[in-house]
Amino acid sequence: MFKQLPATDLETVRVIVNGQSISVTKGMTVAATVLSQQQKYTRTTAISGSKRAPFCMMGVCYDCVMVINGKANQRACATYVEEGMQIEIQQGAGSDLVGNEL
Amino acid sequence: MKDNYQLVIIGGGPAGLAAATTAANQGVCCALLDEQPTLGGQIYRAIESIPKQRTQQLGDEYTRGKPLVTAFRESDTEYYPETKVWSLNKQREIGVLYKDEARIIQADQVIVASGAMERPIPFKGWTLPGVMQAGAGQILFKSAGVVPDNGVVLAGSGPLLLLLAWQYLHAGVDVKALLDVTPLSNHLLALPKLPKALLAHHYLTKGIGYQIELKRAGIPLLFGVSDLRAEGEGYLQKVSFKHFGKQKNIESELLLTHFGVIPHAWLTQSADCKHQWDDSQQCWRPEHDEWGNTSLDGIIVAGDGAGIHGARSAEHAGRLAGLEALFALGIISQTERNKQGIQDRKWMKDERYIRPFLEAYFKIPQSLLATADNDTIVCRCEEVTAGQIRDAVKKGHDNSNQVKFFTRCGMGSCQGRQCSNAVAHIVADEKGESVEKMGHFRGRPPVAPLTLDQLACLNKELI
Amino acid sequence: MNTDVLIVGGGLMGSSIALQLAMRGFKSIVLDKQSPGRHASGVNAGGLRQINRDPAEIPLTVEAAKMWRDIESLVDSDCDARFPGQIRVAENEADMQKLQQRVDLVRSLGYQHEEIIDKKELYQLVPALAPHCVGALICREDGYARPYHALTAFRLKAESLGVKYYSATEVNSLRQEGEGWEVRTSKGMFKSDVLVNCAGAWANNISTMLDEPVPLTPTALMLMVTERLPHFVAPVMGAASRKLSFKQMQNGTLIIGGALLAKLDFATEKTEIDWRKLAESAETVSHFFPQLKDVRIVRAWAGIESYMPDNIPVISASQSFKNAYHAFGFSAHGFQLSPIIGKIMASLIIDGKTDLPIEPFHISRFN
């Protein structure tokens, strides 16, 4: 859907998007990163399971939430890439909360 | 971050920057809190870090942000980036999330410069991946140099669409079409407001210039478009619409829409400042006087968060708000405030000549504001359809808030930002009443979600 | 406007009474100064709780529980009621003793609905709970419903049987005319044979007009709610010695309460969230469920409710006037009682008596 225009002298970091390590420009949001990685959707809804992707890019719509470094419901448009960051598509309401062993 | 400030400014766009600079330069101890990591707001986003070549593609309105930011940097304002404000009350206690910890700080004066957000218009398919707001496209461009790589359809109404098309053209993006849904009847209605608009003719000339350039480049500009739909299985595959009665389709994996902007009034609403329905701007905005004073003592609004007047006007409003805070704090006299404000008041007035014309010309038609299609999702978070909203009205739920209680429309993560206006319009339409009477969702804090852990910090000692 | 019974207050109590009256052939009009369920009835936490109630309320709550089990036959909607039980967790032996005393008290009154469960059963029921708890008090039949949905169902059913609602209708004055009532309101005059005061936090205005003022305190109770979460806890959770009260609704959101008070300006009906208190609540929740620390609160609010000094309601005939009745002051635990209150009040009004013991709730206790 999107691509990044060529620019010189930009610092990069490596992040892991759905298990795949990629190099991206420092200072980019997670949303900009996944959109320019041809990621077509970033979450499924908790209600109907339908696919969603970033919509407003300015932090107001909460449609771009993803699982970032294991934490669900992180706004991809308001989170900035960091070295080694793990970025995953969020399925529904997110991860299991019961797993608390006695 | 201190526990107390004479003045806290919320928002680092043109209004906030100008307000902070004005106040700090006259000795006020003030802090500017901004959610973004960089200054400039959405309009001048990434202005300090953007590569030079990209600023040329974005045009000269964008570079106006530079001196504002420079002046701010030279002032003594304490600047807190990546800082979310999640609450504000009439005692001017400000709930702040800073470095992942919640705290409550106190201010003698607060300037809310929360800016604008895109007017959300629910239409068939608007939740599909591949449908985004035009502002989102601009933010991607400004902040990361990210642009569509496989073509884009632009649709909606308002000057931003033309600007974005022009910017994309200069960045080598394939703009497949620009679909203008502005009703052609608006042109006639806007005509009486044209003479006054000519006083701010640089906006008009610029708009016409963009159009000529786009046409020359062979980009189809379609006016009088209706029945806009986004279609596809799981993702956007095509944009369908009617043009002069004819059904048309354009295959595209990306559609950027724009239906004007509205004040981002969530903070002032949750603080319980009085808000009024602005019929010309088709939005709720906080009531305020010419200096930005709201109905609550010591809470001042400036910029698009107070009513949509654009970035240049926001700068002036910000300076006036800064002066008002100086006056309220007893640092300058009323006479001094008035004297220092003369130029900005004049320039602000000049800036606003264009507005009534633009508002009439780009007035969003009722068919878009209150969709008649019952299957269209209105609340993106809770996936509530227009039909469910209309059904709730039929069951005796008489206003926006009752419909919210019953349907959960507006109770999701975005806290109603994407559906509040549409719900009011649909309820009003169903009842045959005015939007104003239906009310907006009661502002419920926190205006930005807080985790339990972050909230628990409030009772811990913070450094 | 003439009717048999005029009910002031369109919340759950008023609606339930109107419904029961209509089912017995009596006409009523319900007045609400704003809209039905605007305050406590619409925005409460929706608990269907028998557990840990005042002994005086036990006979009523047990009857109400039976009605909730089959609420659909009453109001044509299940009100989203669920019955996964309510639990009060013990963190140590002292807590367990406290809970055992409670069970002994309930047994001594002849009731069986509350019981103790041991650690093993507690963790079978709530595997997500932090591992330090030792047991719990449980009422297995308890649960929750969605308050505004329940209110809407009661209202729609009542309306279908001929009850008329008037919103934005505030009572200005009352006058007894013969044995009936003339009520002046912001929307004109209403006449009725019988008057019922179900005005919630505003009930003292009405009882004062009836020359029997009560020591009612309007109070704003805070709740907060999270985003939707995967299901991880079924019963409604409380604790023996901490302010904990939360439940995960069918939609996955977590409603967190705990009788925490917001700042209230009663004259303007404005409430203000007290974040420091909610911060304590957040800490308590994380104490019992550490895995929730990154869960996001999306909304907090406060509803205006009526509290009586002894924390039990007023359910009685007026002691000053004929054909006037009261049902208010439920002190933040009226939701579950609402179906039975309708039945009780309809009996009081029509038969002059009720089979349930309501003496402890008489308005004369404040003389």
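1. Arg228(C) and Glu382(B) are both buried, where buried means under 20% relative accessible area, exposed over 50% and partly exposed in between (1.4 Å probe, protein chains only). In this predicted model, their side chains meet in a salt bridge (2.3 Å, N to O). By salt bridge I mean a side-chain nitrogen of Lys or Arg within 4 Å of a carboxyl oxygen of Asp or Glu. Side chains of opposite charge can pair when their charged atoms come close.

2. A word on how to read the numbers: the model is predicted, local features need pLDDT of at least 70, side-chain atom pairs count only at pLDDT 80 or more, and totals for chains, interfaces and linings use all residues. Residues are numbered from 1 along each chain as its sequence is written, chains are lettered from A and ligands numbered from 1 in the order in which they are written, and side-chain values use heavy atoms, with hydrogens and water left out.

3. Now look at the interface of chains C and B. Here 39 residues of chain C are in contact with 34 residues of chain B; contact means heavy atoms within 4.5 Å. The area buried between the two chains is about 3,300 Å², and carbon and sulfur atoms give 54% of this area. Buried area is the accessible area (1.4 Å probe) that two parts lose on being put together, summed over both. Of the area that chain C buries against chain B, Tyr148(C), Trp275(C) and Arg299(C) supply 22%, more than any other three residues.

4. Across this interface the rule finds four salt bridges, along with 18 residue pairs in polar contact, both residues at pLDDT 80 or more. A polar contact is a pair of N or O atoms within 3.5 Å; within protein, one must be able to donate a hydrogen and the other to accept it, and residues adjacent in sequence count only if both atoms are side-chain atoms. Several elements give two or more residues to the side of chain C that touches chain B, including α7 (147–160) and β17 (270–272) of chain C. The largest share, nine residues, comes from α9(C). Helices (H or I, at least four residues) and strands (E, at least two) are DSSP runs, numbered from the N terminus.

5. β23 (residues 450–451) of chain B and β18(C) pair in the antiparallel sense over two bridges; two strands pair if DSSP finds at least two bridges between them. Leu450(B) stands opposite Ile297(C) in β18(C).

6. Chain A comes in through another salt bridge, where the side chains of Glu35(B) and Arg75(A) meet (3.1 Å, N to O). This pair crosses between chains, with Arg75(A) in strand β7 (residues 71–75) of chain A. Glu35(B) is partly exposed, at a relative accessible area of 33%, whereas Arg75(A) counts as buried at 6%.

7. Within chain B, a salt bridge joins the side chains of Glu324(B) and Arg337(B) (2.5 Å, N to O). Glu324(B) lies in helix α11 (residues 311–328) and Arg337(B) in helix α12 (residues 334–352), so the pair ties together parts that are 13 residues apart in sequence. Glu324(B) and Arg337(B) are both buried.

8. Gln86(C) counts as buried at 7% relative accessibility. The side chain of Gln86(C) reaches the backbone oxygen of Leu48(C) at 3.5 Å.
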